Amino acid sequence: MYKITAFLLGISVIACSAMAAGRVCSVCGMPLAEHAKNLFVLQTEPAAKEPLHVCAISCLKKAVKHDPRYKKIEVADFNHPEKLLAGDKAFFLLKSTKIKADIGENVMAPYFGAFATEAEALEAQKKYGEGVILQGVENAIK
Ligand SMILES: [Zn+2]
């Protein structure tokens, strides 16, 4: 009996560590990089469910369409990807293909950068020499 319990315990420890090691997109299942730059975090309002972590604008659209209760949307800050910005306040640089080089692997088009201020978005637009700036995730996903 002791052996079986120890064995089951071992399995659950392995399963938990595997989950902690890699978060995946709640929609498409693609692995999410730590501090991913194209990450959205969705929460229902009021918070009733576990937040969703999605990897791309296309996955965000699917998630919101599937469950419109996910109204609170946060997005990773391009310049400080360990931080999240309020989606309705963030400035998005869209329609830049050159930005992909700084986003990383395993990112689905359309690529974007989300910034805390318009000045930062303008700076990025200047750096890449292209792109359109819009404020608010609502406008960015249209
Ligand atoms: Zn995804």
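Where does V107 lie? V107 sits in the loop between strand 5 and strand 6, and it gets its own view below. The model is a predicted one: local features need pLDDT of at least 70, side-chain atom pairs count only at pLDDT 80 or more, and totals for chains, interfaces and linings use all residues. Residues are numbered from 1 along each chain as its sequence is written.

**View 1. The whole chain, with four helices and seven strands.** Helices (H or I, at least four residues) and strands (E, at least two) are DSSP runs, numbered from the N terminus. Following the sequence, you get the pattern α-β-β-α-β-β-β-β-α-β-α. The chain has 142 residues, and 30% of them count as buried; buried here asks for 20 or more other C-beta atoms within 10 Å of the residue's own, exposed for 12 or fewer, and partly exposed is in between, with C-beta atoms placed from the backbone. Among contacts with a separation of 6 or more, 62% come from residues 24 or more positions apart. A contact is a pair of residues whose C-beta atoms, placed from the backbone, lie within 7 Å.

**View 2. Confidence along the chain, and a stretch to treat with care.** The predictor's confidence in each residue is the pLDDT, from 0 to 100. Its average over the chain is 88, and 85% of the residues score at least 70. Residues 13–20 fall below 50, and this stretch has zero contacts in the model beyond near neighbours in sequence. Where pLDDT is low, the predicted coordinates should not be read in detail.

**View 3. The open sheet of four strands, in the order 2-1-3-4.** The pairing is antiparallel; two strands pair if DSSP finds at least two bridges between them. Strand 2 (52–54) and strand 4 (84–86) are at the edges with a single partner strand each, so one side of each has no neighbour in the sheet. On average, neighbouring strands of this sheet are turned by 30° against each other, direction ignored. Axes are lines fitted to C-alpha atoms, for helices over the stretch in contact, and angles run from 0 to 180 degrees between N-to-C directions. Helix 2 (residues 57–66) packs on the sheet and touches strand 1 and strand 2, with its direction at about 145° to that of strand 2.

**View 4. Strand 1 and its two partners.** Strand 1 (residues 40–43) pairs with strand 3 (residues 72–76) over four bridges, antiparallel, and with strand 2 over three bridges, also antiparallel. F40 has V75 as its bridge partner in strand 3 and stands opposite V54 in strand 2. V41 is opposite E74 in strand 3. In a regular strand the side chains alternate between the two faces of the sheet. For strand 1, F40 and L42 make up the covered face, while V41 and Q43 make up the uncovered one.

**View 5. The open sheet of three strands, in the order 6-5-7.** Here, too, the pairing is antiparallel. Strand 6 and strand 7 take the edges, each with a single partner strand, so one side of each is left without a neighbour in the sheet. From one strand to the next, the twist averages 25°. Strand 5 and strand 7 share four bridges in the antiparallel sense, and L93 stands opposite I133 in strand 7.

**View 6. Helix 3, lying across strand 5, strand 6 and strand 7.** Helix 3 runs at about 15° to strand 5. Within helix 3 (residues 118–128), A121, A124 and Q125 are buried. These residues cover an arc of only 105° around the axis, so they are on the same side of helix 3; the arc is that of the directions from the helix axis to the C-beta atoms. An α-helix has 3.6 residues a turn, so residues three or four places apart point the same way. Their cover includes strand 5 (91–94), strand 6 (113–115) and strand 7 (132–135). A119 and K126, on the other side of helix 3, are exposed. Just after helix 3, G129 adopts a positive phi of about 70°.

**View 7. V107 and its surroundings.** Back in the loop between strand 5 and strand 6, V107 is partly exposed because it has 19 other C-beta atoms within 10 Å. Its contacts, leaving aside neighbours within four places in sequence, are N38, A56 and K100.

Key: Two residues are in contact if their C-beta atoms, placed from the backbone, lie within 7 Å.
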